[in-house]
Protein chains: 2
Amino acid sequence: MLSPVSWNEDSVHIIEQTRLPDEEVWVDLKTVEQVARAIRILDVRGAPAIGITAAFGLALAARRYEGNDPAELVKEVQQAAKTLAATRPTAVNLFWALSRMQKKLENVAGATIDSLSKRLIDEAQKIRSEDIAYCRAIGKHGGALLPNQGYVLTHCNAGALATGGYGTALGVIRGAVESGKQIHVFADETRPLLQGARLTTWELARDGIEVTLICDNMAGHLMKMGKIDACVVGSDRIAANGDVANKIGTYSVAVLAHRHDIPFYVAAPTSTIDLQLSSGDQIPIEEREASEVTSPRGTRFAPEGINVFNPAFDVTPNELVAAIITEQGVATHPELGAKLEKMVRQAKAELEN
Amino acid sequence: MLSPVSWNEDSVHIIEQTRLPDEEVWVDLKTVEQVARAIRILDVRGAPAIGITAAFGLALAARRYEGNDPAELVKEVQQAAKTLAATRPTAVNLFWALSRMQKKLENVAGATIDSLSKRLIDEAQKIRSEDIAYCRAIGKHGGALLPNQGYVLTHCNAGALATGGYGTALGVIRGAVESGKQIHVFADETRPLLQGARLTTWELARDGIEVTLICDNMAGHLMKMGKIDACVVGSDRIAANGDVANKIGTYSVAVLAHRHDIPFYVAAPTSTIDLQLSSGDQIPIEEREASEVTSPRGTRFAPEGINVFNPAFDVTPNELVAAIITEQGVATHPELGAKLEKMVRQAKAELEN
């Protein structure tokens, strides 16, 4: 199974996603700064994969600690957590993973340095393997919602490359295909960084799943032609009321789906749900460099020096969401928020058992 | 004033728009085949500009005729019209201009070769200068609809570069600015061929009109933020009921504007109205090469050999259109279709006087 991030002999093994689809290059990150940079420049991206990678980043910080003072190791790890937390603001899985990892260092009295770094490596491995299992569960729950035969639109890449493996939105599609359904995917290219064009097409073609690439602005026309049966996307953060932050352009897909009575599904593990935020208005939206818009892949698209607005995410209000699919099951209206809260509680209880 | 096409000593003088904004290159087209190619590859684009260029193409065919038989000249021109009509299917201004030009050859008995080619050159010049005057009238009528101060979203390029000069949608913006209004334009980049990123930003910046570039999928987010006061676009063909064909992605803008109660305006000369078609469903939609999506400006965006769907236009149903602005005035609901028909009749009557 394609997995974009794993632990490999005291380093973090990743596929450099910015190089896809031109080259498939795997590298071993050996410092926290390298891990932070990989997240910042989007060599690792996708909310669950960012969380896993950050967790491995903390394991790396502990592993590289050369002293003999557990309290000092804890400080090193806390410093690493600060560095990693500053990489990207929107995906809550990042903060969730950092916080979960740091809990493993709450009680260090009498522990050896080796046992502490082992705790962190084990926990990061666990976050990764749980994520893969969660994606498979999402695939099963969500796959059941798709038609036996039909066309499914997705935006950005919420696939194996965005998770420990298997994917959330693409997990739903894989789940449907594995259960014998005939699904043809339309992939929005997803400007500015083209995760749909570069990554979704690449990983679906690799799995032999039928995919057609379109520009983001063609989705409405396809829906109007009656060509789309369902939409499924991932998420970077889901507020307590079910409002969904996801890659810029997701909101437009949801509005268009609503107009055409096409179900719009969101697939994400419960670690993406942020019960601290009552609505999506409170989700911080990252703005990125103008050059992503004006010069994608190094080719100039616009006059020099032009003003650019480049938000990386948008928020889809819960009323446009037909269902949120997590590893715990499928949450729908009414009482979507209450159902999400229950799912988060269940997930916590499972982890504590 | 910037004008993308004119008659220049027995050739058709154009700016090669595919080279913008990197280089400003003007060329003289000397054969009908060169003119057809310029339209096909989008060195000339924009419905009104295509019509004007095709008209000059017929003038060129007559001018280059070396024989002495008026009937043979007429045949040459008819052959050229066939070649030019086959370039692009959606913009009706092309067929309108070819038909109007050919009417000038309905009565050739006793005419000299020189007088016949002069008829065609004069008529093409007239189509061009009328178009510029129409754009200015559109700017006056439409400019009055925009707020005194505000943000206006446009899609593709319906500017000077798409017309004889001044523009339709950008004519409305120019009209507002010239009347003292403070307008900031948000320009959709308009994938796949980036007419917004390459052309709209270039021509607005040249005129000192404030413009910010966004990706197509960011418009919905801006509207949700309350940042857009009006949308204005051009059109390639308007059906008798007011359904509007325009650059792919226009429909999505209209749906989003509707959701946010933002007025969505269409600006076009009456030559864009096709009373032969009762609704937009009958408008032929051009599909173009996959490489426009996968390799814009020569840079690969997607894996080799991936399936692509690349429609060049979409149709916005009249119920999403707040007003259609022509040189004759502003047509609104109810009875939008009847008002359009009246405008076409008025325009015809003006030409006949």
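**The interface of chain B and chain A**

Across the interface of chain B and chain A, the rule finds 4 salt bridges, a salt bridge being a side-chain nitrogen of Lys or Arg within 4 Å of a carboxyl oxygen of Asp or Glu. In one of them the side chains of R191(B) and E189(A) meet, at 2.5 Å from N to O.

A word on the basis: this is a predicted model, in which local features need pLDDT of at least 70 and side-chain atom pairs count only at pLDDT 80 or more, while totals for chains, interfaces and linings use all residues. Residues are numbered from 1 along each chain as its sequence is written, chains are lettered from A in the order in which they are written, and side-chain values use heavy atoms, with hydrogens and water left out.

Turning to extent, the contact (heavy atoms within 4.5 Å) takes 56 residues from chain B and 55 residues from chain A. The two chains bury about 4,400 Å² between them, 66% of it on carbon and sulfur atoms, where buried area is the accessible area (1.4 Å probe) that two parts lose on being put together, summed over both. Of the area that chain B buries against chain A, N217(B), F301(B) and F309(B) supply 17%, more than any other three residues.

Finally, the strands, which are DSSP E runs of at least two residues, numbered from the N terminus. Strand β6 of chain A (residues 211–214) is joined to β12(B) by 2 bridges, and the two run parallel; strands pair if DSSP finds at least two bridges between them. Within this arrangement, L213(A) stands opposite V308(B) in β12(B).

Technical notes: Helices (H or I, at least four residues) and strands (E, at least two) are DSSP runs, numbered from the N terminus.
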